[in-house]
Amino acid sequence: MTNWEMLAVFMAGISAGTINTIVGSGTLITFPVLLATGLPPVTATVSNALGLIPGSISGAIGYRAELTGQHRRVLRLSAAALIGGLTGATLLLLLPSTAFETVVPVLVTLALVLVILQPRLTRAVQARRARKGTTTGPQGGPLLFTGLLFASVYGGYFTAAQGIIYLSLMGMLLDDSLQRLNAVKNILAAVVNSVAALYFLFVAHFDWTAVLLIAVGSAIGGQLGARVGRRLPPVALRTLIVVVGLIAIVQLLLRQYG
């Protein structure tokens, strides 16, 4: 890489770490930059996954206050993230690079619809439970576990907009604040990135320069994202999720059909 390319990758890492902690979709920043430096798509994906681990951990640490009382939930859902992330990483090396391109914009669009409608849907679900005298489980039950498992398969494969899918699923199936769910999202993203990266270390090619630049940048961005994200009111956070998600959809469609 030239010095300018290294600077671009580093800045992309900071941006990705910041946006991943607040919402997700940071890969849509780093991945095109890595491709622009001349890295092949799979090498860029693997290098990106390795580099974003410190950012995920940094963001999770920044949200540690919101994780209070969620340890059992995090452990249960992290199991789904671990299994799904490893499966997705394996598929990345077995399937053609275009395998998920058609379905990804559909998944992100559905996730955005759920995020937008979540307050209304949550009230409807709570009213129905009140009529039946039932309550939601603190871990979300088998439906949430299964949904996060499949979302983590996608996350281990590509990761773009993974956080938005996580938030939409948890928002629908867990009775908790968006900020606390965002804290769990950061933990799940860290698990997926870590297990996929560890797998890649032994079986895939990566670029150490890109990995180190993104790692340092994303770690800085994780702290920045936590400081900003924790101060956002629910409406502002939900709006930001939708805006970032729409940008992600446009970029994914341009990559596919442009």
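Two points about the model come before the tour. The model is predicted, so local features need pLDDT of at least 70 and side-chain atom pairs count only at pLDDT 80 or more, while totals for chains, interfaces and linings use all residues. Residues are numbered from 1 along each chain as its sequence is written, and side-chain values use heavy atoms, with hydrogens and water left out.

A nonpolar core is a set of buried Ala, Val, Leu, Ile, Met, Phe, Trp, Tyr and Cys residues joined through side-chain atoms within 4.5 Å. Buried here means under 20% relative accessible area, exposed means over 50%, and partly exposed is in between (1.4 Å probe, protein chains only). The largest nonpolar core has 61 residues, and those that touch the most other members are Leu-144, Leu-148, Tyr-166, Met-170, Leu-188, Phe-200 and Ile-241. Helix H9 (residues 178–203) gives this core its largest share, 11 residues. Helices are DSSP runs (H or I, at least four residues), just as strands are (E, at least two), and they are numbered from the N terminus.

Helix H9 deserves a look of its own. Of its 26 residues, 19 are buried, so H9 is largely enclosed by the rest of the structure.

Now zoom in on Leu-188, which is found in helix H9. Leu-188 is buried, with a relative accessible area of 0%. Its contacts (heavy atoms within 4.5 Å) include Leu-77, Ser-78 and Ala-81, along with Leu-148, Tyr-166 and Met-170, leaving aside residues up to four places away in sequence. The C-alpha atoms of Leu-188 and Ala-80 are separated by 8.8 Å, although these residues are 108 residues apart along the chain.

Next comes Ser-152, in helix H7 (residues 141–157). Ser-152 has 1% relative accessibility and counts as buried. Where does a polar atom of the Ser-152 side chain find the backbone oxygen of Leu-148? The two atoms lie 2.7 Å apart, inside the limit for a polar contact, which is a pair of N or O atoms within 3.5 Å; within protein, one must be able to donate a hydrogen and the other to accept it, and residues adjacent in sequence count only if both atoms are side-chain atoms. Leaving out residues up to four places away in sequence, Ser-152 also touches Ala-80, Ala-81, Gly-84, Gly-85, Tyr-166 and Val-192.

From here we turn to charged side chains. A salt bridge is a side-chain nitrogen of Lys or Arg within 4 Å of a carboxyl oxygen of Asp or Glu, and by this rule there are three. In one of them, Arg-230 pairs with Glu-66, with the closest N and O atoms 3.0 Å apart. Arg-230 lies in the loop between helix H10 (208–229) and helix H11 (234–257), and Glu-66 in the loop between helix H4 (53–62) and helix H5 (71–94), so the pair ties together parts that are 164 residues apart in sequence. Arg-230 is partly exposed at 38%, whereas Glu-66 is buried at 13%.

Arg-73 forms a salt bridge with Asp-176, the closest N and O atoms being 2.9 Å apart. This pair links distant parts of the chain, 103 residues apart: Arg-73 is in helix H5, and Asp-176 is in the loop between helix H8 (162–173) and H9. Asp-176 also forms a salt bridge with Arg-180, again with the closest N and O atoms 2.9 Å apart. Through shared partners, Arg-73, Asp-176 and Arg-180 join into one network.

Gln-70, in the loop between H4 and H5, brings both stories together. Its side chain reaches the backbone oxygen of Glu-66 at 2.7 Å, and Gln-70 touches Asp-176, Arg-180 and Val-184, not counting residues up to four places away in sequence.

Our last stop is the structure's one aromatic pair. Rings of Phe, Tyr and Trp (its six-membered ring) pair if their centres lie within 6.5 Å; planes under 30 degrees apart count as stacked, over 60 as edge-to-face and the rest as tilted. The rings of Phe-206 and Trp-208 have centres 5.0 Å apart and planes at 85°, so the pair is edge-to-face. Phe-206 is partly exposed at 22%, while Trp-208 is exposed at 51%.
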